[in-house]
Amino acid sequence: MANNGTNNGPSIAILGGGILGLSAAYCCLKQKLGNVVIYERDDDLGGLAGTFEVCGTKLEKYHHFICKSDKVVLNQMADFGLEKLVNWADCRMGLFVHNKPYSFTTPADLLHFDALEIISRLRLGAAMLSLKFKKDWKPLESVPAAAWLKKWAGKRSYEVVWSHLMKSKFDIYENKIPLSWLWARTNRRSGSKRRGSSLEHFGYVKGSFAVLIDEYVKRIRDMGGEILTGCAAKSVSRNKEGQFTVESESGERMHKAVISTIPLPSLLSVATFFTDGYKTRLSNIKYQTVLNMVVVLKRNLTDFFWLNIGDGTFPFPGIIEFSHLRDIEDFGGRSILYLPNYLPADHKLNQLSDDQLLDVYLQSLSKIVPDLEREWVDGAHVFRHPYADPYYTLDYSKLLPDHRSPYKRLFVFNTAQIYPITRNVSNSILFGQNAAALLKQDMGAK
Ligand SMILES: Cc1cc2nc3c(=O)[nH]c(=O)nc-3n(C[C@H](O)[C@H](O)[C@H](O)COP(=O)(O)OP(=O)(O)OC[C@H]3O[C@@H](n4cnc5c(N)ncnc54)[C@H](O)[C@@H]3O)c2cc1C
């Protein structure tokens, strides 16, 4: 079906076919801002929320769950008539430390947490509670989370509960991560506990986020949008009239506007016309890679959905047994384990082959489950991404580039700008909506 947008001239280029790019394309078309071309480098759409086939079903390459506070994604699913596919489950959270898994969700769990002396438990509880009730995140972004935790929860609590998590998530940035990051993390989860329950309540999409991605694709195509997969934008240039040319596998195309949703280093490598000043601004944000292993197991490992690791000898910060959230029958009775790791690009784990990585990880997992045998493993899949997350450094908001670039009708929207709440699908959808709204404003369209 042809697009009946108001503008028959050059179309809007969307760089990146992740959730943000799809949401932006859908909103531009729906508001008839002009036709749309999505350039996606990979063969599949969905980016970090993309999926793969396992045990006869689709599953996200990286663990994905939904919190009650993720209103935008829940509303989008409802708008598409897909709300019945959002399922919820009570999940047990834990912490493995001193060779023992502890339940770690409620104040009662904390009181029973004998890996810490009682005074440290009380201090930790009081510190986390006081953080939860802070209204304004702005003053928190100049305070290092590690120093704050050591001061208020105590050095001992930091060592036992936080040190390994912070080191393995942030590496050399451990002492520079702002308290606003911890505040946002605590807040996003705060609505996920049901009154009276000792468990966290999380959601997932039955059939995976592929359901949402497919629905966007269908609607974008129905409105005449063009989606080019396996088609990286190789360069973006701009002429004197302010029009943009995107060069890709499909040749050179002229566009009246560009919405970039690709990571900032990728944008810097394709845009040919940025001034040195703007390049410097965008390069201030540094990213970490993600190395994730999905292990298919013939049986469950633990009773926990999410088991954080406080033991510094482990090569990962936590394990996520996804089949405690999504029905194990979806995977033919197999248990699905995610082992995500955020790492600097040159980290030694990034140099290992998939098989070597499995060996290293199984060795550590057997510290949690001593009778674990290799034959429990029914498959392992490794996914790597160079730009998973930015490093949120102190006063991060000052580093953030505006969504309106210095170049008229070039808009910059990506996960690194989702702050202080850290990146999630809900906010990526919102950013897509905001991108269309800004374009509309700048076009003077009604
Ligand atoms: C380990 C992990 C766990 C997560 N867990 C959750 C969770 O539990 N819940 C939740 O809500 N969110 C979660 N997220 C976050 C969520 O996946 C992201 O916020 C969201 O998918 C980001 O979408 P995006 O479109 O902004 O970016 P991306 O998904 O990064 O999309 C950008 C797209 O641009 C493409 N691209 C790059 N360069 C070019 C180029 N030159 N030309 C064309 N295309 C290009 C990429 O291939 C990619 O498809 C998680 C993320 C990770 C990494």
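Author: Before we start, a domain here has bounds that come from an automatic or database domain assignment. Also, this is a predicted model.

Reader: Thanks! Which domains give at least three residues each to the shell around the ligand?

Author: Domain 1 (11-64 + 208-286 + 393-443) and domain 3 (287-390) each supply at least three residues to that shell.

Reader: And which residues come nearest to the ligand?

Author: There are 35 residues around the ligand, and the nearest of them are G16, G18, L20, G47 and N424. As for elements, α1, α9 (264-270), β13 (287-297) and α12 (425-443) each give two or more residues to the shell.

Reader: Nice. How does the shell split by class?

Author: The shell around the ligand has 16 nonpolar residues, 15 polar ones and four charged ones.

Reader: Let's go back to α1. At what angle does helix α1 pack with helix α8?

Author: Helix α1 (residues 19-30) and helix α8 (residues 210-222) meet at about 30°, and their axes are 10 Å apart. The crossing of α1 past α8 is left-handed.

Reader: Which residues make the contact?

Author: From α1 you have L22, A25, Y26 and L29, and from α8 there are I213, Y216, R219 and I220. Seven of the contact residues are nonpolar, none is polar and one is charged.

Reader: Switching to the whole chain, how many helices and strands are there?

Author: The protein chain has 12 helices and 18 strands. Its radius of gyration is 23 Å, close to the 22 Å the globule rule gives for 446 residues, so the chain is as compact as a globular protein of that length.

Reader: What does the C-alpha trace span along its principal axes?

Author: About 70 × 50 × 45 Å.

Notes: Residues numbered from 1 in each chain as written. Predicted model: local features only at pLDDT ≥ 70, side-chain atom pairs only at ≥ 80, totals over all residues. Axes fitted to C-alpha atoms, helices over the stretch in contact; angles between N-to-C directions. Helix = DSSP H or I, 4+ residues; strand = E, 2+ residues; numbered from the N terminus. Left-handed = near helix turned anticlockwise from the far one by under 90°. Contact = placed C-beta atoms within 7 Å. Nonpolar A, V, L, I, M, F, W, Y, C, P; charged D, E, K, R; others polar. Near = placed C-beta within 6 Å. Rg over C-alpha atoms; globule rule 2.2 N^0.38 Å.
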